Amino acid sequence: MTVSYNPITSDPFAAVSATEATSRHASLSRQLVGGTPVLRISEPFAGAGHGFWAKLEGFNPGGMKDRPALHMVERARARGDLAPGAQIVESTSGTLGLGLALAGIVFGHPVTLVTDPGLEPILRQMLAAYGAHVDIVTEPHPTGGWQQARRDRVRSLLQLDDTAWCPDQYSNPDNVTGYNPLGVELIAQLRHVDVLVCSVGTGGHSAGVAHALRQFNPDLEVVGVDTVGSTIFGQPAQSRVMRGLGSSIYPRNVDYDQFSEVHWVGPAEAVWACRTLAATHYATGGWSVGAVALVAGWLARTRLADTRIAAIFPDGPARYYGTVYNDEYCRAHHLLDVPVPTGPRTIDDPLNEVATSWTRCGSVVDPTRIRRAEPAS
């Protein structure tokens, strides 16, 4: 098997906005972010003649979320929501934090990132090296878990600083539009996309990339990839091992109507996919990458060979050396020596059936639209 990269880089001489041009280090974002390559993934994820295209967002300095981080900050400055030199405060499980640290350097803002004890030590150290202040909550919210605890801490920090600004990645529409260039890059690289496979966390990149691709193919199929234990698509909240996808809240940026189906993937299955990608294609990443690769490979196996499937790989492997690629960690969490996943279990109703391993459902549920029954008195 030959592994070949197909980079389409952005034009380094393209015009930039007046706001960006006046920032201290505007050239950083133009030189470092975007123009990531695509890679054809085939065996063993798909059979001979079948495969999918992976968009390798780990080639950005901090990963995929460099794109919306820079865009959200630029737009907030343009609207006057973020004053020059004012503090940026946000909740993050990691990747957006890297993007906001970059945006802080580019636009000249101090950055405070609220996270939880699950943040990998290497990432905590790198965020500090990039000049961000890392604030760690110590107790999960009783119902909203670590995610809600982080958001509550952000609110308390904002009350201490009248000039501080929070991007609020979960509901900020600029988080969605910040991904439009990624979709345009995919069209430039692949010419046509039939199926888009995205992990779902805040809902930003699935909505933004899909919107851009639908300008070229209105019949685009969008397949969402979630983690077991996430509430986004109507499952009950459970303890989650995987970070970077899934949620214990309902992000407003999730565009439920765009999804044709949703898959939930377990951590052991994601580990298998990540390590298999590394061994066969020398291109891999974290939990989201493994989950997305698993689903995209299954889609490639079950569709016609000429179906053009694009899968977004949000990051690279560096921050996961202590988890996904650490045998001791994986053994402690029973993530090794599992049967090779061959396909998902199918359920009809995510509200009545719980996914504990790789599972798919063709009925996509928006939990925020469901009228909950009042408890009996």
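**Legends for views of a predicted model**

**View 1. The whole protein.** Of the 377 residues in the protein, 55% are buried (under 20% relative accessible area, with a 1.4 Å probe and protein chains only). This is a predicted model, in which local features need pLDDT of at least 70, side-chain atom pairs count only at pLDDT 80 or more, and totals for chains, interfaces and linings use all residues. Residues are numbered from 1 along each chain as its sequence is written, and side-chain values use heavy atoms, without hydrogens and water. The C-alpha atoms fill a box of roughly 65 × 55 × 45 Å along the principal axes.

**View 2. Confidence along the chain.** The mean pLDDT (the predictor's confidence in each residue, from 0 to 100) is 90, and 90% of the residues reach 70 or more. Over residues 20-24 the pLDDT is below 50, and this stretch has 12 contacts beyond near neighbours in sequence (heavy atoms within 4.5 Å). Residues 372-377 also have pLDDT below 50, with two such contacts. Where pLDDT is low, predicted coordinates should not be read in detail.

**View 3. Contacts across the sequence.** Among contacts between residues at least 6 apart in sequence, 71% join residues at least 24 apart.

**View 4. The lining of the largest pocket by class.** The lining has 15 nonpolar, 24 polar and eight charged residues. Here Ala, Val, Leu, Ile, Met, Phe, Trp, Tyr, Cys and Pro count as nonpolar, Asp, Glu, Lys and Arg as charged, and the others, Gly among them, as polar. A pocket is an open set of points on a 1 Å grid over the protein atoms alone, where a 1.4 Å probe fits, with protein on both sides within 12 Å along at least five of seven lines; lining residues have an atom within 4 Å of a point.

Note on methods:
Buried means under 20% relative accessible area, exposed over 50%, partly exposed in between (1.4 Å probe, protein chains only).
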